[in-house]
Amino acid sequence: MEHAVTLTGPGAGQASPEAVPFFTQAAGFAAAWPKIEANLNAVVDGGKYSHGPLVAEFEAALAEYTGAEHVVGVNSGTDALVLLLRAAGLRPGEEVVVPAFSFVATASSVMLARGRPVFVDIDPATYAMDAAAVPAVVTERTRMIMPVHLFHQLADLAAIAEVAERYALTVVEDSAEAIGMRWDGKHAGLHGAGGVLSFFPTKTLGALGDAGAVITDDPRVAEVAAALRHHGRFGRTLDHFPGISNETVLPGLNSKMDDVQAAVLLAKLATLDADIGRRAVLAAAYTERLTGCPGVRRLPTVVKREADTNPVFYVYLIEVERRDELVAHLAANGVGTETYYPVPLHRQPCFAELGHRAGEFPNAEAACAHAVALPIYPDLAESQVDRVCELIKGFYA
Ligand SMILES: *Cc1c(COP(=O)(O)O)cnc(C)c1O
């Protein structure tokens, strides 16, 4: 049957034909629609719309894709972080080392789990936590370390494992952006107690709304996270919570995944590797065209490791002179961009109580001042990459 909606990208029909939106997956949805529609019909006919059979099917497919022993589907990457921190054993008042440059949920999740985020600066080559900065902030309350894998590559997991071992810290990964990225064959999120994935629409695997998951190889982390997404219900006695047998043992959330999102994600998981391949082609096209362009201070680099690693271009991020003027110039010409991230975490008002100052984390602050993300998604045509690059070159000429 023909679907009732007309699939168009944001701005389609209003913008000029040369407009390049920062993000759309209209063509991707159109291509996957027969499968999505069949899955949606199964949801409607099955009558279970939340945490139902499609969610279980998606969790199994994602376990297969990532190699994770356990996948706990939830309703956002942010909730996944809160549940992961609690399930990995963070106790009130304990400290978690996080980078000063990330999406705000990296650190707010620590507070929501009643811990205290402790910031360190980033390595400018990867935008990820600088493991060498960790020893200076470790105290007797430090319990965990949360590397974030931003944009197209993993944090230095070997250096983080080393520092974590030295100070007996539990590693939890904010791998919200890192689907498809592997370190020595092991998927992001599986290098410590566990990790998360976000299926926010713009992410490499995007839903038709919000969704996320906790992934882990540890059955105890999975069990607690699964209970916490459902009001803390275990429904049985737990070996690792001795003496507790009543059904609701921990104050939990309602963070179940909707079957509508699982229906979409199941269909889109089938083309994920092809989508990742397309992103690589587009990234290479940008790099080729922008190499040597005046005004462009930095193009994305893939840091060489001893381990086998594979970049996945979730975001194509460059650093430029006069960033805000360039953004305005591109916008005036119909090209969408995004600033990841405009404010370093230690300068966000919600973390003011941690008492940080401007200038404390110079690499994080420099990235915030100069970085801009260009459109990259499987629907994007190479002619659109050409147009974006010509506008950038024209601006700096
Ligand atoms: C997207 C993202 C999150 C949050 O995921 P949501 O699904 O949007 O809640 C957390 N951390 C990072 C690094 C992200 O990019």
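I started at strand β11 (residues 316-320), which 4 bridges join to β12, the two running antiparallel. Helices and strands here are DSSP runs, numbered from the N terminus (H or I, at least four residues, for helices; E, at least two, for strands). Two strands count as paired if DSSP finds at least two bridges between them. In this pair, I looked up I318 and found it opposite V372 in β12.

Before going on, I noted that this is a predicted model, where local features need pLDDT of at least 70, side-chain atom pairs count only at pLDDT 80 or more, and totals for chains, interfaces and linings use all residues. Residues are numbered from 1 along each chain as its sequence is written, and side-chain values use heavy atoms, with hydrogens and water left out.

I then traced the sheet: 3 strands, open, in the order β10-β11-β12, with antiparallel pairing. β10 (296-298) and β12 (371-374) are at the edges with a single partner strand each, so one side of each has no neighbour in the sheet. Neighbouring strands are turned by 50° against each other on average, direction ignored. Helix α8 (residues 272-290) packs on this sheet and touches β11 and β12, its direction making about 20° with that of β11. Contact means heavy atoms within 4.5 Å; axes are lines fitted to C-alpha atoms (for helices, over the stretch in contact), with angles from 0 to 180 degrees between N-to-C directions.

**Seven-stranded sheet**

Next I followed an open sheet of 7 strands, ordered β1-β9-β8-β5-β4-β2-β3, with mixed pairing. Here β1 (70-74) and β3 (116-120) are the edges; each has a single partner strand, so one side of each lacks a neighbour in the sheet. I checked β8 (residues 194-198) against β9 (residues 212-216): they pair antiparallel over 4 bridges, and G195 faces I215 in β9. Helix α2 (residues 53-66) lies across β1, β8 and β9, at about 130° to β1.

**Ligand**

I counted 15 residues around the ligand, the closest being G77, T78, E177, S198 and K203; near means a heavy atom within 4 Å. Helix α3 (residues 77-87) gives the most to this shell, 3 residues. α3 also lies across several strands, including β1 and β8, running at about 170° to β8.

Which ligand atom is 2.8 Å from an N or O atom in the side chain of D174? I found a nitrogen atom there. An oxygen atom of the ligand is 2.6 Å from a side-chain N or O of T78, and for S198 I again noted a ligand oxygen at 2.6 Å from a side-chain N or O. Taken alone the ligand exposes 380 Å², of which the protein buries 93% (Shrake-Rupley method, 1.4 Å probe).

Technical notes:
Polar contact = N/O pair within 3.5 Å; in protein donor to acceptor, adjacent residues only side chain to side chain.
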